[in-house]
Structure formats: structure tokens, C-alpha cells
Amino acid sequence: MLNKINIKYLLIFSMSLMLIQIFIGTGVREFIDEQSKIYGRLDKDLWLSNPSFNFYFHRSFSILIFLVNGFLFIISKKFNMSMKYINAVSTNAVFGSIEF
């Protein structure tokens, strides 16, 4: 069974994953900026014609982050934990993964 200590470590793990995602996302953003300079703003379809490994890793890594934070959110609701940090991190992960 999960106790508060294990949830604390899971929360730290989740936050570490999100920091890694931010660093990788910065590299992906730089790649997209370079592509937009090469192909121009009108040819957006060509921006990802030859994506780097970081793009695919960043995209797929977000699924892991979503699952870990979803698990944290469900655990906090299931056990009626008053853990505002879990709820804040989980909410941020859910809304941060939605692309507008």
C-alpha cells in the first residue's frame, strides 16, 4: 500500500520528469525555430519533415508524465489526501499536456 513517504518520492519523481521534459522541450523549440527560418512561416508542413530524435522523445515522454501525474491525482482523490502539491502538479501536467 502507498503511504505518504512513498507518495512523496513519487511526487519528487514526477517533478523530476517534468523538469527533464522542459529541458528537452527547449531543444525542440530551438529546432522548430530553425526550421521556421529555413522554410518560412508559410510552409509549416515542412518544419517536421526531418525531425530530430529529441522531438520524438519529447512527444513520447509526455505520455509517461501524464500517466505518473494521473496516478498521483487518482491516489490523492481516492484516499482523500489533503495534498495540495499533488493536486497542483497533476493539474498542471494535465493542462500542460493539452495543445491549443
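Together with L19 and F23, I22 makes a nonpolar surface patch of about 360 Å². All of this, and everything that follows, comes from a predicted model.

Stepping back to the whole chain, there are three helices and zero strands, so the pattern read along the sequence is simply α-α-α. Of the 100 residues, 31% are buried. The chain exposes about 7500 Å², and carbon and sulfur atoms supply 64% of that area. As for contacts with a separation of 6 or more, 62% of them link residues 24 or more positions apart.

What about the inside? In soluble globular proteins, nonpolar side chains tend to be buried together. Here, the largest nonpolar core has 10 residues: I7, L10, L11, L17, M18, F61, I65, V68, L72 and I75. Helix 1 (4-39) and helix 2 (53-78) are the elements that give two or more residues to this core. F61 is a handy residue to look at in the viewer: leaving aside residues up to four places away in sequence, F61 touches L17, I20 and Q21.

Helix 2 itself runs for 26 residues. From its first C-alpha to its last, helix 2 reaches 38 Å, close to the 38 Å expected at 1.5 Å a residue. Its buried residues are F55, F61, I65, V68, N69, L72, I75 and S76. After helix 2 comes N80, whose phi is positive, near 50°.

Back in helix 1, there is also a glycine to look at, G27. Is G27 buried, partly exposed or exposed? At 29% relative accessibility, G27 counts as partly exposed, because that label covers values between the 20% and 50% cut-offs. Its C-alpha is separated by 7.4 Å from that of N54, a residue 27 places away along the chain.

Terms used. Residues numbered from 1 in each chain as written. Predicted model: local features only at pLDDT ≥ 70, side-chain atom pairs only at ≥ 80, totals over all residues. Heavy atoms only, no water. Core = buried A, V, L, I, M, F, W, Y, C linked by side-chain atoms within 4.5 Å. Buried < 20%, exposed > 50% of the residue type's maximum accessible area, 1.4 Å probe, protein only. Helix = DSSP H or I, 4+ residues; strand = E, 2+ residues; numbered from the N terminus. Contact = heavy atoms within 4.5 Å. Patch = residues over 30% accessible without salt bridge, like charges linked within 9 Å, V, L, I, M, F, W, Y side chains within 5 Å. Areas by Shrake-Rupley, 256 points an atom, 1.4 Å probe, with all protein chains shown as cover. Salt bridge = Lys/Arg side-chain N within 4 Å of Asp/Glu carboxyl O. Expected span 1.5 Å × (residues − 1).
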